[in-house]
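Me: I would like to learn how to read helices, ring pairs and cavities in a model. Could we go through them in turn?

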Amino acid sequence: MSHDHADHDRTWPQRGVLAAAARPMFLLAALWAAGAVALWQWAPEVMAGLPDPLSWHIHEMTFGFGGAAIAGYLCSAVSSWTGRAPIQGAPIAALVVLWSGARAGLLAPDVPGWIAALASAGFFWLVAALLALEARRAGKGWQPVFMAASGLAGVISGAWILVMEAGGFHPAFPAIAVLGFAAMLIHIGGRMVPAFLDYAARSEGQPVRVVPALPRRLTLAAVLAAAALLAGGAISAASVALLAGGVLMLAYIATWPLSAARDDVLLAILTLACLWVPVGLILWGLSLRGMALAPAEAQHALVLGAMGGHFMGLAARVFAHRTPMGLKARGGIAPVYLLILCAVPARMAGLIDLSAVLWCLGWLGFAMVMTPHLSGPLPRPVFSGSRRQG
């Protein structure tokens with residue numbers, strides 16, 4: 001065994017909720033996915049105390065729920081880029097404190113808005129700083145996309161809170177937030193999911209399939225262009241960009257070995273989550289032309305379907321069974337994901353109470369499945385079963 005590998009073994013944590021960001025942050029994401037929706041839907045007295053309940057709802061479903069999950073993924077997956085153990089201990093505790101402080105500050109009527117804004121911005125900036133520090137320690141690439149995205153998320157989230165607390169609502173914020181997270185899903189999931197599918201397909205004896213990168217990159221460019229156009233008020237041009245992005249993403253997904261997900265719950269969840277991306281983009285593009293659904297319903301296909309599915313699929317991999325045949329989903333994952341999956345068309349059909357019930361039950365059920373596995377030995381690698389397990 002080499003010195004580097006031996007050092008890596010010694011620094012890899014054995015157990016504990018702070019052994020990797022995926023453990024506490026994915027749990028918080030699951031609890032807040034249910035909690036934020038429950039407050040929005042069934043706690044009018046709480047919402048009445050907020051300067052702008054709708055703005056709060058959109059912010060918390062993106063930067064609250066989505067932010068926790070993205071941080072859990074990035075600060076754990078960094079070990080795959082650096083070869084080091086995942087970020088652990090005090091930095092993860094600091095992330096938990098900042099994220100929780102931002103949520104509490106937004107709901108506490110006597111807390112100045114700038115405190116919640118600083119906590120939320122600081123949370124994302126800490127993620128960027130931790131990624132940079134890990135890259136420097138390992139002498140590896142700096143992962144500028146993720147660092148820049150985390151830093152920008154902090155700026156937008158902090159500014160959003162300040163505007164919201166002042167009683168204003170910037171119409172560009174929701175579009176930028178939803179499409180920004182969609183871009184992250186395309187960048188991350190658009191590379192990770194076909195790689196998982198290809199590995200599973202080759203394990204079944206299927207030939208290697210070359211997945212072209214160009215459609216993914218063009219989709220990403222279209223989504224970012226749509227965000228910029230919506231922010232600038234160019235609605236017609238934004239609808240074209242959204243429709244183009246959706247069609248390109250469908251063409252990209254068509255090149256994947258999709259049959260490999262047929263008998264694998266974990267792969268099926270991630271694959272379905274990826275399919276919600278083009279569905280959401282196309283519906284949103286059509287909605288801006290007065291067709292299909294209203295823009296809010298179309299956006300829920302991205303937030304509930306794509307974001308929710310990606311985060312549940314990734315979180316389920318952290319505590320999945322490690323077997324000689326690869327990762328196997330824990331009991332209960334399939335039914336709780338089915339609840340999430342059914343919540344999406346219910347919301348798009350205007351069945352808001354039903355959708356909220358399905359969504360909340362799904363995420364609370366997921367938290368119950370996840371919790372018993374938060375303190376055991378941390379698997380390596382955290383999100384994959386394709387390498388040697390320790």
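**Cavities, helices and rings**

Reply: Helices H4, H8 and H12 each supply at least two residues to the lining of the largest cavity. Helices (H or I, at least four residues) are DSSP runs, numbered from the N terminus. The model is predicted, with local features needing pLDDT of at least 70 and side-chain atom pairs pLDDT 80 or more, while totals for chains, interfaces and linings use all residues. Residues are numbered from 1 along each chain as its sequence is written, and side-chain values use heavy atoms, leaving out hydrogens and water.

Me: Which helix gives the most to the lining of the largest cavity?

Reply: A cavity is a set of points on a 1 Å grid over the protein atoms alone where a 1.4 Å probe fits but cannot get out, and lining residues have an atom within 4 Å of a point. Here H8 gives the most, with 5 residues. Among the lining residues are Ala 69, Tyr 73, Met 184, Met 192, His 310 and Phe 311. The space in this cavity is about 60 Å³, where a volume is the space filled by probe spheres set on grid points joined across faces, edges and corners. The search of the whole structure finds 2 cavities of 30 Å³ or more.

Me: What is the volume of the second largest pocket, and which residues lie nearest its centre?

Reply: A pocket is an open set of points with protein on both sides within 12 Å along at least five of seven lines. The second largest pocket has a volume of about 550 Å³. It is lined by 27 residues, with His 57, Ile 58, Ala 296, His 300 and Arg 347 nearest its centre. Two or more lining residues come from each of helix H2 (22-42), H4, H8, H12 and H14. H12 gives the most, with 6 residues.

Me: What span should helix H13 have, and how far apart are its end C-alpha atoms?

Reply: The expected span is 1.5 Å times one less than the number of residues. For the 16 residues of H13 (residues 333-348) this should be 22 Å, and the end C-alpha atoms are 24 Å apart, which agrees. Buried means under 20% relative accessible area, exposed over 50%, partly exposed in between (1.4 Å probe, protein chains only). The buried residues of H13 include Ile 333, Tyr 337, Ile 340 and Arg 347. Their cover includes helices H11 (265-287), H12 (295-318) and H14 (352-370). After H13 comes Gly 350, with a positive phi near 85°.

Me: How many aromatic pairs are there?

Reply: Rings of Phe, Tyr and Trp (its six-membered ring) pair if their centres lie within 6.5 Å; planes under 30 degrees apart count as stacked, over 60 as edge-to-face and the rest as tilted. The count comes to 16 aromatic pairs. Phe 63 and Phe 181 make an edge-to-face pair, 5.7 Å centre to centre with 70° between the planes. Phe 63 is in helix H4 (residues 53-82) and Phe 181 in helix H8 (residues 172-203), so this pair ties together parts 118 residues apart in sequence. Phe 63 is buried, at a relative accessible area of 3%, and Phe 181 is buried at 8%. The rings of Trp 363 and Phe 366 have centres 5.7 Å apart and planes at 80°, so that pair is also edge-to-face.

Me: Why are Trp 363 and Phe 366 separated by about one helical turn?

Reply: An α-helix has 3.6 residues a turn, so residues three or four places apart point the same way. Trp 363 and Phe 366 are 3 residues apart in helix H14, about one helical turn. Both are buried.

Key: Contact = heavy atoms within 4.5 Å.
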